Amino acid sequence: MVKNYLQKFIKVDEIHTVAYREYGNPDGIPVLMLHGGPGGKINFRILELIDLTFYRVFTIDQRGCGLSIPKGELRANTLLHLISDMEAIRQKEKLGKCIIFGRSWGTVLGLMYALKYPQNCLHLILCGIFLGRNTDELWTFEQSKIRFPQQWAEFSDGLTSSRPLNEQFYEKIFSQNEKTALLYSSKMTHYFNILATNKIDIPAEDETLENLTANKIFLHYSVHHYFFEDMFWDQHLAELDANNIHGVILHGGKDSDCLPEQAYYLHNMWKKSTLIIEPNVSHCDNQVEIRKQIHNIFMTLKLYFSHNK
């Protein structure tokens, strides 16, 4: 674990103060690192894969997450707010063009930031692609039962309404009855871990208040369709090529959380991207193959930028 960093905070509005950390070379190529979720946290082990003598990495705790305060706050917590926070940090740190590195939900943020601020993007590195379309959400909550029928039955047990499952989970997890909230949060945590790892023998554990907070943030975004229209990508992804934005798409061929179709779709819509599919990898980013690819991507970019200053 990389231990040398500067812990920083930025007050972004009257409600939220966003926490972020700075690692590496103060004169290095800047990298903005975006975690998954929504409601997730930074996987700090990824920093071990990045040459911090060359790069200057900023890890950002999204609103309500990590050390950002208020913890779990949902007011003024939307996609556009998170993108605005990225830009506020870039301006505060007086950064020029940045590499944007996002994984899972962080790929939505990375793409949205690049579309809004193309002039600030040096390169995109997107891992475990999640696009937040209705079809993607339908897979997660409903259709994934094709792969994990028994586990899905346990996940959805007790939800009998005809309404979408994410809306039913929202109702349960935001219940004033803490026992009910923790029960259904535990179901989400357990099933989403199965989707992320493809391991059906993961034992169910007592739910934590931290996981409950994370799941509330996730469902806040989920029931609001991640705060963008479903056809947004079809209408706007071509702007990446028009603005000469290059990047790498890295995805696991056995990802049951975010299906590989999302990575193929993105690559097809974004011609200046490079697609890497690791055939035997799930959604979890601690797997050896994914870690090796992340390391290689940053090393390749180091060589490129060293010779093209």
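Trainee: What covers the buried residues of α4?
Mentor: Start with the terms. Helices (H or I, at least four residues) and strands (E, at least two) are DSSP runs, numbered from the N terminus. Contact means heavy atoms within 4.5 Å. Here the cover of α4's buried residues includes α3 (134-141), α5 (165-173) and α6 (178-197). One caution: this is a predicted model, where local features need pLDDT of at least 70 and side-chain atom pairs count only at pLDDT 80 or more, while totals for chains, interfaces and linings use all residues. Residues are numbered from 1 along each chain as its sequence is written, and side-chain values use heavy atoms, with hydrogens and water left out.

Trainee: Which residues of α4 are buried?
Mentor: Buried means under 20% relative accessible area, exposed over 50%, partly exposed in between (1.4 Å probe, protein chains only). In α4, residues 149-156, the buried ones are Q151, W152, F155 and S156. They fall within an arc of 125° seen down the helix axis, so they line one face. That arc is taken from the directions from the helix axis to the C-beta atoms. P149 and Q150 are exposed on the other side of α4. After α4 comes G158, with a positive phi near 95°.

Trainee: How do I check the span of α11?
Mentor: Take 1.5 Å times one less than the number of residues. Helix α11, residues 288-307, has 20 residues, so it should span 28 Å; its end C-alpha atoms lie 29 Å apart, which agrees.

Trainee: Where do the buried residues of α11 fall, seen down its axis?
Mentor: The buried set is I290, R291, Q293, I294, I297, F298, L301 and F305. They fall within an arc of 165°, so they line one face of α11. On the other side, V288, K292, T300, L303 and H307 are exposed. Strands figure in the cover of the buried residues of α11, including β3 (29-34), β4 (55-60), β5 (98-103), β6 (121-127), β7 (247-252) and β8 (273-278).

Trainee: What lines the largest pocket?
Mentor: Definitions again. On a 1 Å grid over the protein atoms alone, a cavity is a set of points where a 1.4 Å probe fits but cannot get out; a pocket is an open set with protein on both sides within 12 Å along at least five of seven lines; lining residues have an atom within 4 Å of a point. Grid points are joined across faces, edges and corners, and a volume is the space filled by probe spheres set on the points. The largest pocket has about 1,300 Å³. Its lining counts 46 residues, with G37, G39, G40, K41 and R103 nearest its centre. β3, β5, α6 and α7 (209-223) each give two or more residues to that lining. The largest share, seven residues, is from α7.

Trainee: How many cavities of 30 Å³ or more does the structure hold?
Mentor: Two. R103, H251, D285 and I290 are among the residues lining the largest cavity. β7 gives the largest share of that lining, three residues. The second largest cavity has about 40 Å³. Its lining is L34, I60, Q62, L82, D85, M86 and L109. Helix α1 (residues 79-92) gives the most there, with three residues.
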